[in-house]
Amino acid sequence: AKSEGRNNYQFYSPELERASKDRTIIRNSLHNALDRGEMEVYYQLQADVNSGRYVGSEALLRWHHPTRGLISPTKFIAQLEETRLIIPISHWLLQQVVSAYLQWQADGLLDPAAHISINLSPRQLYDQHLVKSFEQVLNESGLPGEALVVEITESILLEESPSTLKLLSDLKDLGIQIALDDFGTGYSSLTYLKRYPIDYIKVDRSFMRDILFNQDDESIVRAVIALAHSLKLKVIAEGVDNHEKVVRLQELGCDYFQGYLLNKPMNMAQTANLLFKHKQQ
Ligand code: C2E
Ligand code: CA
Ligand code: CA
Ligand code: CA
């Protein structure tokens, strides 16, 4: 909170100018990034708070920029959305995720009940073919829908259109589960939990950062878990970066966690190695 709003009253700064130049450079090279093979899917594992067993992983997009190296999606998702490139890239990502999942299952590296989460951006709600493309990928691969979780943020639900409800229900009909991402950071309305067919709540990592010594953060996480459980939802805590936080989450009754304690997001081969090592233990 200390640094928040630092630039609010500045009209010019070298930082802002650099940021705007960055956006132009990114936009210019984004168009062909997928065709040039510069996109890659990274994975972050998720584990059961009590047993430590892996229950799934989250797919996270990465861009190997020719001159700038590896770039996080926070730097280019907005532009993918503006240019609608988000749609072909997300379709490609879904195919990558499904083939990774099937490979890991075939190699005996994953629990049969494990799932993979993918992030859905607000723009994709307006994609008329979204459900069809999920259905097609599931049919072609033979993957059961239950193996997939889509993560949506509260800003998607804010629109509150009947088509959002229809879309989520159609995904549920395919067996796909729904997670509400970054819970507690947006325009949280508890009505969402009632109105939409949600299976998981992801506690935003901003609540996890100081949870060991900040009483407010602990109270919020405790309350979210109680609320979720009374609605029969499971809770995933994000941003868990040390073992003491897992112990605290056990005390609070949280179900699952992910974070740097398990792994920094890594590519398919590295993830397979990690799953393999975990299996040997
Ligand atoms: P998110 O969905 O909240 O994803 C979690 C982010 O937290 C990831 O950043 C991950 O690397 C980071 N993280 C995980 N554990 C820790 C930890 O212990 N400590 C800290 N400090 N950070 C941790 P990443 O990969 O840079 O992704 C940023 C955001 O970009 C994601 O936030 C998500 O909103 C979006 N995103 C990523 N991939 C996709 C995608 O394929 N499609 C869409 N639409 N959005 C995506
Ligand atoms: Ca997410
Ligand atoms: Ca999140
Ligand atoms: Ca986030």
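In this predicted model, the donors of the calcium ion (ligand 3) are spaced D-D-x55-E along the chain. D182 belongs to strand 6 (residues 177–183), whereas E238 is placed in the loop between strand 8 (234–237) and helix 10 (243–252), so the pair ties together parts that are 56 residues apart in sequence. The protein donors of this ion are D181 (OD), D182 (OD), E238 (OE) and E238 (OE), at distances of 2.1 to 2.6 Å. With a relative accessibility of 10%, E238 counts as buried, while D182, at 24%, counts as partly exposed.

Two aspartates link the calcium ions. D181 bridges the calcium ion (ligand 3) and the calcium ion (ligand 2), which are 3.9 Å apart. D182 bridges the calcium ion (ligand 4) and the calcium ion (ligand 3), and these lie 3.6 Å apart. The calcium ion (ligand 4) is coordinated by D182 (OD) and D182 (OD), at 2.9 to 3.0 Å.

Strand 2 (54–65) and strand 6 are the elements that give two or more residues to the shell around ligand 1, and strand 2 supplies the largest share, four residues. The shell comprises 20 residues, of which Q44, R62, S72, R205 and Y260 come nearest. Oxygen atoms of ligand 1 lie 3.2 Å from a polar side-chain atom of E58 and 3.1 Å from a polar side-chain atom of N119. For Y260, a backbone N or O atom lies 2.9 Å from an oxygen atom of ligand 1. Taken alone, ligand 1 exposes 800 Å², of which the protein buries 83%.

Terms used. Residues numbered from 1 in each chain as written. Chains lettered and ligands numbered in written order. Predicted model: local features only at pLDDT ≥ 70, side-chain atom pairs only at ≥ 80, totals over all residues. Heavy atoms only, no water. Donors = N, O, S within 2.8 Å, 3.2 Å for Na, K, Ca; no water. Buried < 20%, exposed > 50% of the residue type's maximum accessible area, 1.4 Å probe, protein only. Near = heavy atom within 4 Å. Polar contact = N/O pair within 3.5 Å; in protein donor to acceptor, adjacent residues only side chain to side chain. Areas by Shrake-Rupley, 256 points an atom, 1.4 Å probe, with all protein chains shown as cover.
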